[in-house]
Amino acid sequence: MTHQLRAEYGPAGRSGEVRRWHIVRTAGATEGMCGAKIEPDAETRPETDWGTGLRTCQQCGSLYLHEVPFHRAEHG
């Protein structure tokens, strides 16, 4: 499964700050795992950016953790 981070913007839209990042299950999706609607042209980031300090939707993050396997060997 390919996850992706997609931006949700504040009142100023793309010219303002990203309010939070949602996680989608497939590239280009317009609905976050939490059900939030995302603009089709919203900024995207790879799923490897999750957990790097971005303000991510808590519900999307929780669902993401249940879908992504933890490989102990990758985490020293």
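Biologist: Which residue in strand 2 is the bridge partner of Ala7?
Modeller: This is a predicted model. Strand 1 (residues 4-9) pairs with strand 2 in the antiparallel sense, over six bridges. In strand 2, the residue bridged to Ala7 is Trp21.

Biologist: Which strands stand at the edges of the sheet?
Modeller: The open sheet has three strands, with antiparallel pairing, in the order 2-1-3. A strand with a single partner has one side left without a neighbour in the sheet, so the edges are held by strand 2 (18-24) and strand 3 (44-46).

Biologist: What does the twist average from one strand to the next?
Modeller: The three strands form an open sheet in the order 2-1-3. From one strand to the next, the twist averages 30 degrees.

Biologist: Is His22 buried or exposed?
Modeller: His22 lies in strand 2. Its relative accessibility is 2%. Buried means under 20%, so His22 counts as buried.

Biologist: Which side chain is joined to that of His22 by a polar contact of 2.5 Å?
Modeller: Leaving aside neighbours within four places in sequence, His22 is in contact with several residues, including Arg6, Glu8, Cys34 and Cys57. The polar contact of 2.5 Å joins the side chain of His22 to that of Glu8.

Biologist: How far apart in space are Val68 and His3, C-alpha to C-alpha?
Modeller: Val68 is in the segment after helix 1 (58-67) and is partly exposed, at 31% relative accessible area. Beyond its neighbours within four places in sequence, Val68 is in contact with Glu47 and His3. Val68 and His3 are 65 residues apart in sequence, and their C-alpha to C-alpha distance is 9.3 Å.

How values were computed. Residues numbered from 1 in each chain as written. Predicted model: local features only at pLDDT ≥ 70, side-chain atom pairs only at ≥ 80, totals over all residues. Heavy atoms only, no water. Helix = DSSP H or I, 4+ residues; strand = E, 2+ residues; numbered from the N terminus. Buried < 20%, exposed > 50% of the residue type's maximum accessible area, 1.4 Å probe, protein only. Contact = heavy atoms within 4.5 Å. Pairing = 2+ DSSP bridges. Axes fitted to C-alpha atoms, helices over the stretch in contact; angles between N-to-C directions. Polar contact = N/O pair within 3.5 Å; in protein donor to acceptor, adjacent residues only side chain to side chain.
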